[in-house]
Amino acid sequence: MAETKSRSKRLMTMGGLIFLAIGIILYFVKEPMGLNRKIYDLPVFLIIIGACSALKGYMAKEKTEEEAALAGKTFSEFLTNNAILLAMLVLVVVICILQPRFMQIRVALDILTQSSTKLIMALGICFTLLIAGTDLSAGRMVGLSAVVSASMMQTATYANRFFPDLPQVAVWMPIVIAILACMVFGALNGFLVAKYDMHPFIATLAVQVIIYGACSLYFDMPPNNSQPIGGIRPDFAQLGQMRLFNGVYRGFPGISILIPIAVVICIVIWFILNKTVFGKNVYAIGGNREAAVVAGINVFRNIMGIFILASCLYGVAGVLEAARTAGATNNYGNGYELDAIAACVVGGVSLNGGIGKVGGIIMGVLIFTIIQYGLQFINVSPMWQQVIKGVIIAVAVAIDLTKYRRK
Amino acid sequence: MSEYLLEMKNITKTFPGVKALDNVNLNVRKGTVHALMGENGAGKSTLMKCLFGIYEPDGGEIYLEGQKASIHSARQAMDKGIAMVHQELHPIRFRSVMENVYLGRFPGHMGVVDHKAMYDKTKALFDELELDVDPLALAGEQSAAILQMMEIARAVDMKAKIIILDEPTSSLSDREVDHLFKIINRLRSQGVAFVYISHKMKEILEISDEITVMRDGTYVGTWPVSNEKGEKLTIDFIIKQMVGREMTNQFPAREGKPSDEVVLKVENVCSTAKKSFQNVSFELHRQEILGIGGLVGAQRTEFVEALFGLRGIASGEILLNGARYSAKSPGFAKSKGLALLTEERRATGIFGILPILENTVIANQRNYAHLGILNDSKRRVDADAECKKLNVKTPSLNTLIQNLSGGNQQKVLIARWLLTNSDILILDEPTRGIDVGAKYEIYNIMLEQIAQGKSIIMISSEMPELMGMSDRIMVMCEGRVTGFLNKGEYTQEKVMALATQFAGRKDNTAA
């Protein structure tokens with residue numbers, strides 16, 4: 001048993017080192033050999049992948065014999081466990097062959113940037129999924145947060161100001177107000193679910209409609225009268241548009257600020273889920289609500305906490321959307337919740353509650369963005385993209401479920 | 001024609017990391033009741049699941065009436081005349097009894113259900129089994145006993161040749177058990193064979209013809225219950241085969257006596273629900289095990305749940321260590337030093353999809369947290385120590401609790417409450433569905449806690465356990481306390497007499 005374990009470890013380290021070596025060689029020979037237009041940044045990717053894999057293989061924890069026996073992975077099990085990831089790899093390779101321009105750092109960074117807000121939403125919604133619930137109001141909260149924050153962040157000289165007499169407030173203030181507005185509705189969600197034991201589907205559906213109405217009322221206030229909010233202050237827009245390390249070397253596009261923001265939020269959520277009492281209670285309530293009650297967990301307070309925390313993340317996503325696009329309308333965020341739920345589910349979060357990891361959710365969001373971006377890249381029609389997206393959801397979840405149904 | 005109706009030969013089944021069955025044999029004759037015995041985790045359920053097509057065995061053969069049979073699904077098993085009545089029944093609650101009986105094979109033509117035929121057939125079946133149940137009544141409103149009979153009726157209607165009964169009597173009252181046995185006897189005389197899984201020795205000796213014993217996934221042996229000379233097997237013999245060692249005492253010796261100090265005083269406590277417990281009064285002393293006896297429907301569980309803040313209390317007074325205590329919520333009860341091990345382990349006890357670690361510390365998270373952030377290594381150390389102390393058998397703390405046997409799950413749940421360092425442990429059927437060895441361990445844990453100055457309230461429906469462990473027994477009937485019996489003065493008859501004090505009314509409300 002220990003042999004197979006160390007063999008897979010060695011395989012990973014060796015494979016990683018080989019990738020690393022090929023990457024370094026290619027990096028230095030691509031210019032002289034005139035491969036620049038053929039392989040683009042492939043060497044850099046190979047170096048990164050190689051280094052990560054070698055490091056992981058080297059660092060992998062020695063499992064105890066019993067654990068290794070329980071894991072007892074066969075090749076076919078490996079396939080089912082990673083099917084969607086492998087399918088994505090195949091697709092990426094195909095796209096790279098059809099369109100070598102795909103192999104650029106710029107593309108990878110674009111994908112990560114596009115994933116950022118989606119990821120923040122998915123992390124919020126995963127809390128509600130973990131207690132076997134759902135949150136249909138997520139998308140509308142993004143819209144609310146975008147409208148509220150943008151409405152107070154217009155330049156003084158802009159003709160069509162939402163609040164003509166508003167002074168130039170500090171940037172953090174509208175952000176806090178926007179997020180607080182979302183949290184109020186999050187608390188309403190939580191209250192309906194926790195107090196009346198309402199199914200989250202219905203409770204959040206009701207709140208979704210309320211939010212859209214409230215947001216539209218706000219948006220329709222004179223003098224704005226439902227016109228798209230524009231003239232956003234540059235210091236606010238920077239929050240979504242700033243690029244770090246721009247042009248540190250030739251042709252480097254810079255890293256969008258959205259990426260580090262999403263990374264920080266991922267770490268925070270991972271910490272909450274794995275290292276805090278609240279996180280453990282979320283898994284417990286999702287795993288067996290009755291038993292959680294008996295164990296003395298305050299289910300009411302925890303469910304309130306779940307929906308408020310989730311709405312806070314939607315609020316953040318909304319602010320970032322407003323900043324990124326330097327504008328807002330009351331239709332922002334429409335339907336985002338379904339994308340977020342789909343990404344969570346593809347990432348292995350169980351709709352029956354209690355099962356789900358941050359790593360899986362990141363994977364789920366990335367898979368969707370990569371596939372969408374890749375299909376656009378090779379000019380697949382948007383209608384076909386929709387079909388493919390739907391197929392991915394169905395197939396991914398079907399494969400995921402077979403894991404639990406083994407005889 | 002073979003001598004046996006069913007032969008299972010050298011059945012082997014391996015799960016990742018565990019050999020659940022290792023060359024197990026089971027031979028059942030026509031028209032007999034064959035008891036299948038063994039501790040929890042011995043592989044009885046796995047063997048039956050192999051027979052019923054829920055699991056695919058890795059090796060071995062199954063013969064039905066001498067013919068080799070391959071069974072890949074429950075449907076195929078039923079077509080071949082095998083029926084199974086599971087330990088925990090899950091009827092379709094909001095549909096009628098008759099629809100549950102004919103589920104999956106409704107009588108009718110071209111997809112249109114013939115309700116009248118279904119009603120008549122169900123009625124005829126129930127008459128035959130002497131069941132007084134309206135076929136149109138909702139299944140969710142029926143007692144466990146009725147649901148079980150319903151399943152048996154279903155098996156009879158399907159002309160089952162072999163009926164597997166998994167712990168059929170675990171939630172039945174004595175009277176209901178008698179009825180069940182009557183039905184089994186009648187069907188046996190008609191040639192139906194039963195595989196009977198149970199931990200209750202007395203029942204096994206009363207009802208079965210042959211006994212097969214399993215231990216740790218292996219086959220130990222098969223014996224007729226009474227030999228040609230009419231001598232019966234003894235309980236000690238069977239236990240010895242099951243555990244592989246002599247078990248002289250069913251209960252560990254109790255040392256010391258309860259102190260005079262009253263830790264809990266309950267006075268005239270009434271439920272908010274009309275039909276639940278009324279005017280319950282008692283005192284619990286430090287270092288005392290107070291047993292609560294009674295039949296199904298005596299509202300014992302409801303009472304302790306109310307004490308723990310899970311149900312409403314309308315009136316009455318509770319004094320905890322002399323101070324007024326109002327059972328607001330389980331969290332509050334926990335903070336006041338109460339612990340409740342619930343009756344339904346799976347429904348309200350374990351978090352099946354979480355590892356043992358989380359299951360052990362879940363009621364005690366605050367003690368490992370600073371500003372809501374958990375100290376992981378401390379949790380692990382404590383959970384590990386507690387699980388080791390209680391002898392939980394598991395590969396690691398990361399194993400999902402649903403992969404443990406019932407006895408080990410129960411030990412984890414006890415560990416959970418011991419970690420909270422509660423003063424008063426309320427144990428609701430602490431050893432239900434648990435094997436003999438694990439039972440003894442749990443009794444030992446109880447006595448250890450008593451020795452440390454704690455007090456225990458124990459609900460038990462098993463008379464020997466109630467009388468073997470309690471310092472004092474409080475008997476309830478129909479939500480009322482009907483009497484107290486002190487150690488030394490209780491007999492099975494006295495407890496039963498108190499438990500059926502309102503027997504006249506019992507038939508309409510309970511059952």
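Author: A residue counts as buried if 20 or more other C-beta atoms, placed from the backbone, lie within 10 Å of its own. This is a predicted model, so local features need pLDDT of at least 70, side-chain atom pairs count only at pLDDT 80 or more, and totals for chains, interfaces and linings use all residues. Residues are numbered from 1 along each chain as its sequence is written, and chains are lettered from A in the order in which they are written.

Reader: What makes strand β3 of chain B mostly covered?

Author: Strands here are DSSP runs of E, at least two residues, numbered from the N terminus. For β3(B), residues 33-37, five of the five residues are buried. V33(B), A35(B) and M37(B) point one way, H34(B) and L36(B) the other, and all are buried. In a regular strand the side chains alternate between the two faces of the sheet.

Reader: How do you know that β3(B) pairs with β10(B)?

Author: Pairing takes at least two DSSP bridges between two strands. Four bridges join β3(B) to β10(B), residues 193-197, so the two count as paired, and they run parallel. H34(B) has V195(B) as its bridge partner there. With β11(B), residues 210-215, β3(B) also has four bridges in the parallel sense, and M37(B) is partnered by V213(B).

Reader: What makes domain 1 and domain 2 of chain A touch?

Author: Contact means C-beta atoms, placed from the backbone, within 7 Å. Nine residues of domain 1 of chain A are in contact with six of domain 2 of chain A. On the domain 1 side, α3(A) gives the most, with three residues.

Methods:
Buried ≥ 20, exposed ≤ 12 C-beta atoms within 10 Å, placed from the backbone. Contact = placed C-beta atoms within 7 Å.
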